[in-house]
Amino acid sequence: MTAETDPFKAAGLRLHALAPADAGQGAALSAEIGWNQVESDWRYMLANGAGFGLTTAGGKLVASALALPYDGFAWVCMVLVAPDHRGQGIATDLMCRVLDDLGRRGVMAGLDATPAGREAYKHLGFEDVYGLERLGAERVAPAVGSVETSATIALLAAADIDEVAAYDAGRFGADRRALLEHLRARVPDSAFVARAQGRVAGFVMARDGLVATQIGPVVAEDAATAIALARHAVGLIAGAAVIDACDYQTPFVEWFKGSGFAFQRPYIRMLLGRAQPMDRKENIFAPAGPEFG
């Protein structure tokens, strides 16, 4: 790697491809910034995706940018820079390296942006697809009252993964069986499947986080089914929880707000060079999170 391709070498930083062995360092970096990821998240992303990092002479990871591939597109995530290394163009450099790599392979990029990040990503050619609301609760208190749905809700067993993954692929827009299997294993007590007339009609999963349990994805045929799934999942969560709910799913968002969740911040789902979603958005109530799409 030449100085021309490694502009941070003079600053004593080593540019390198990230590998699963960097999962612990990645978790330390996201924890330093106050994000919710744990080592299991990083291990999955680095085993199934690719990206770049910057490491000090002492071996500390101080910046990262990753892309997690799906069928025909990839989710850009974990664009992080440690506080004492900001203001040097590091995030832009690493982000562009990831996008260049995807571009050479003809893979479209997607991401979830903060409002500030959205402005920078628009200059790179990203377009708005839809909005998300990060909702959080220090303690979950599911809203009282029944939810009218014809679907039956049951724990999502390992034997259900193939059927659930096939259902999800037609709505998410890609096969993410590996991710769903990973998430179910993380918090199996909060993974549920809905069935109507013998067929999958939705599902919910969750995962442990550094500061809160992250709920998602939530994929369902309608709002009533999505709320019924969420009610089962959140009722078993002790402590803090967050969800990135699709802002256009108003009944779903309002149910969470009635269950002790409060708005924290918005995200904007964006795709590079495309304003139409890859997913069937009417069935998407919450993504897996900004790390996973």
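The model is predicted: local features need pLDDT of at least 70, side-chain atom pairs count only at pLDDT 80 or more, and totals for chains, interfaces and linings use all residues. Residues are numbered from 1 along each chain as its sequence is written, and side-chain values use heavy atoms, with hydrogens and water left out. The structure holds 20 salt bridges and 10 aromatic pairs. The largest pocket has about 870 Å³ of space.

**Salt bridges**

- A salt bridge is a side-chain nitrogen of Lys or Arg within 4 Å of a carboxyl oxygen of Asp or Glu.
- Side chains of opposite charge can pair when their charged atoms come close.
- Aspartate 101 and arginine 104 form one of the bridges, at 3.8 Å from N to O. The two are three residues apart in helix H3 (residues 90–104), so about one helical turn separates them. Helices (H or I, at least four residues) and strands (E, at least two) are DSSP runs, numbered from the N terminus.
- Aspartate 101 is partly exposed at 25% relative accessibility, whereas arginine 104 is exposed at 65%. Buried means under 20% relative accessible area, exposed over 50%, and partly exposed in between (1.4 Å probe, protein chains only).
- Aspartate 112 pairs with arginine 269, with the closest N and O atoms 2.8 Å apart. This bridge links distant parts of the chain: aspartate 112 sits in strand S5 (residues 108–113) and arginine 269 in strand S12 (residues 262–272), 157 residues apart.
- Aspartate 112 is buried at 11% relative accessibility. Arginine 269 is buried at 5%.
- Arginine 176 and aspartate 168 meet at 2.6 Å, N to O. Both are buried.
- Shared partners join Asp41, Arg186, Arg207, Asp208 and Glu291 into one salt-bridge network.

**Largest pocket**

- A pocket is an open set of points on a 1 Å grid over the protein atoms alone, where a 1.4 Å probe fits, with protein on both sides within 12 Å along at least five of seven lines; lining residues have an atom within 4 Å of a point.
- Its volume is the space filled by probe spheres set on the points, which are joined across faces, edges and corners.
- The lining has 39 residues, and the closest to the pocket centre are Trp35, Val79, Leu80, Thr114 and Tyr267.
- Strand S4 (73–81) supplies the largest share of the lining, six residues. Other elements with at least two lining residues include H3, S5, helix H4 (115–123) and S12.
- The lining divides into 23 nonpolar, 10 polar and six charged residues. Ala, Val, Leu, Ile, Met, Phe, Trp, Tyr, Cys and Pro count as nonpolar, Asp, Glu, Lys and Arg as charged, and the others, Gly among them, as polar.

**Threonine 213**

- Threonine 213 lies in strand S10 (residues 213–220). It is buried, at 16% relative accessible area.
- Its contacts (heavy atoms within 4.5 Å) include Ala206, Arg207, Ile237 and Val242, not counting residues up to four places away in sequence.

**Aromatic pairs**

- Rings of Phe, Tyr and Trp (its six-membered ring) pair if their centres lie within 6.5 Å; planes under 30 degrees apart count as stacked, over 60 as edge-to-face and the rest as tilted.
- Tyrosine 44 and phenylalanine 292 pair edge-to-face, 5.8 Å centre to centre with 85° between the planes. Tyrosine 44 lies in helix H2 (residues 39–48) and phenylalanine 292 in the segment after strand S13 (284–286), so the pair ties together parts 248 residues apart in sequence.
- Tyrosine 44 is buried at 9% relative accessibility, and phenylalanine 292 is buried at 0%.
- Ring pairs also link Phe252, Trp255, Phe256, Phe261 and Phe285 into a cluster.
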